[in-house]
Amino acid sequence: MPPLLELSGLKVYFNTQDGVVKAVDGVSYSVDAGKTLGVVGESGCGKTVSAMAILRLISQPGKIVGGSIMFEGQDLTQISEGEIRKVRGNKISMIFQEPMTALNPVFTIGNQIAEAVRLHRGASKQEAYDAAIKTLEQVGIPSPAKRVHEYPHQLSGGMRQRAMIAMALVLNPRLVIADEPTTALDVTIQAQILDLMVEMKEQYDASVIMITHDLGVVAQTCDDVVVMYAGQVVESANVKTLFAEPAHPYTRGLLESIPSRHKESHGHLKEIKGMVPSPIDLPTGCAFHPRCPDVMDVCKEKMPTLKKCKTGATTACWLYE
Ligand code: SF4
């Protein structure tokens, strides 16, 4: 079975006054049908930009300048604006981090969910509202027939995110892209929303791309993971391998910086030293080399390419050449 979605060598550049920002620079990853792929990395590593490129939601001065995004036999980078509109929300939908900014404050929840049903399915107003009410009920919104007439500000943060999930699922998409869906919520609500997403994914038989900086979210929801750094994939593996035997020093650093009751911390939490480099002034060779505890001379001069290593993961690091 070919993957449901396959990015190959995707490049998204932003032409700024200070130079070209290579936000995504030759990224390849794939999502299998019915699976959840975690895309992990620090802020600015290109994870959100690569996902926005899938729906062609890159605005000026950004541009997809290379690579392909294959989905159901079509290259989404090549199809017309009319065709990509038929994909957005219908076959591939998105859940954003902050529902208050993603939802339109001047329309009711029901109106915003029903709009998509009318647009893509040609449903009548009543049919579209019925679908909205049914989906709101499935995502655990109490009294959905009443809530459907409420505005986003009348719902709590958790309820708003449930409404966003309903909007993402109402058309039964093949793929849902969730961009830090729990980051803006408090901890107890985060757990509920993650449980809901896992349950809904099964119920709707959808695939998911879970964009997150939180490895706890990855452990709880993902089958496979790609780790990104400075606009590139540095490791990809299935979730068990990644947690048991992280190959890339950056992945190891991310895992070691998770607080744990069982680790001997001697009062200090481990951290990855240094800062993420500026995307317009990346280090030569391996972009991680100024922060890497295993750096060698070759790392400063030549960029490593992705190779399969013994654990079964694919990683870009001179330690595995
Ligand atoms: Fe560290 Fe070198 Fe591997 Fe980069 S290539 S992660 S600097 S060991």
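Me: Is K91 buried, partly exposed or exposed, and at what relative accessibility?

Reply: Good place to start, and keep in mind that this is a predicted model. The class follows from relative accessible area: under 20% is buried and over 50% is exposed. K91 has 34% relative accessibility, so K91 counts as partly exposed.

Me: Which residue does the side chain of K91 meet in a salt bridge?

Reply: The partner is E72, with 3.2 Å from N to O. E72 sits in the loop between strand 4 and strand 5 (74-75), while K91 sits in the loop between helix 2 and strand 6 (92-95), so the pair links distant parts of the chain, 19 residues apart. E72 is also partly exposed, at 39% relative accessibility.

Me: How many salt bridges does the rule count?

Reply: The count comes to eleven. One of them joins R56 and E81, at 3.5 Å from N to O. R56 is in the loop between helix 1 (47-54) and strand 4 (62-71) and E81 is in helix 2, so this pair ties together parts that are 25 residues apart in sequence. Another is formed by K307 and E321, whose closest N and O atoms are 2.9 Å apart. K307 belongs to strand 11 (residues 307-308) and E321 to the segment after strand 12 (314-315), so parts 14 residues apart in sequence are tied together. As for networks, salt bridges with shared partners join R56, E81 and R88.

Me: Now the domains. How should I read the area that domain 1 and domain 2 bury between them?

Reply: The size of an interface is often given as the accessible area lost when the parts come together. Here domain 1 (5-91 + 174-261) and domain 2 (101-172) bury about 1,300 Å² between them, with 59% of it on carbon and sulfur atoms. On the domain 1 side, N90, L196 and Y204 lose the most area to domain 2, together 41% of what that side buries.

Me: How many salt bridges and how many polar-contact pairs cross that interface?

Reply: The rule finds zero salt bridges there, but five residue pairs are in polar contact. Helix 2 (81-87) and helix 8 (187-204) each supply at least two residues of the domain 1 side that touches domain 2. Helix 8 gives the largest share, eight residues. By class, that side has nine nonpolar, four polar and four charged residues.

Me: And which residues does S236 contact, beyond its neighbours within four places in sequence?

Reply: Those contacts are V225, V226, A313 and T314. S236 lies in strand 10 (residues 232-238), and at 23% relative accessibility S236 counts as partly exposed.

Conventions. Residues are numbered from 1 along each chain as its sequence is written. This is a predicted model: local features need pLDDT of at least 70, side-chain atom pairs count only at pLDDT 80 or more; totals for chains, interfaces and linings use all residues. Side-chain values use heavy atoms; hydrogens and water are left out. Domain bounds come from an automatic or database domain assignment. Buried area is the accessible area (1.4 Å probe) that two parts lose on being put together, summed over both. A salt bridge is a side-chain nitrogen of Lys or Arg within 4 Å of a carboxyl oxygen of Asp or Glu. A polar contact is a pair of N or O atoms within 3.5 Å; within protein, one must be able to donate a hydrogen and the other to accept it, and residues adjacent in sequence count only if both atoms are side-chain atoms. Helices (H or I, at least four residues) and strands (E, at least two) are DSSP runs, numbered from the N terminus. Ala, Val, Leu, Ile, Met, Phe, Trp, Tyr, Cys and Pro count as nonpolar, Asp, Glu, Lys and Arg as charged, and the others, Gly among them, as polar. Buried means under 20% relative accessible area, exposed over 50%, partly exposed in between (1.4 Å probe, protein chains only). Contact means heavy atoms within 4.5 Å.
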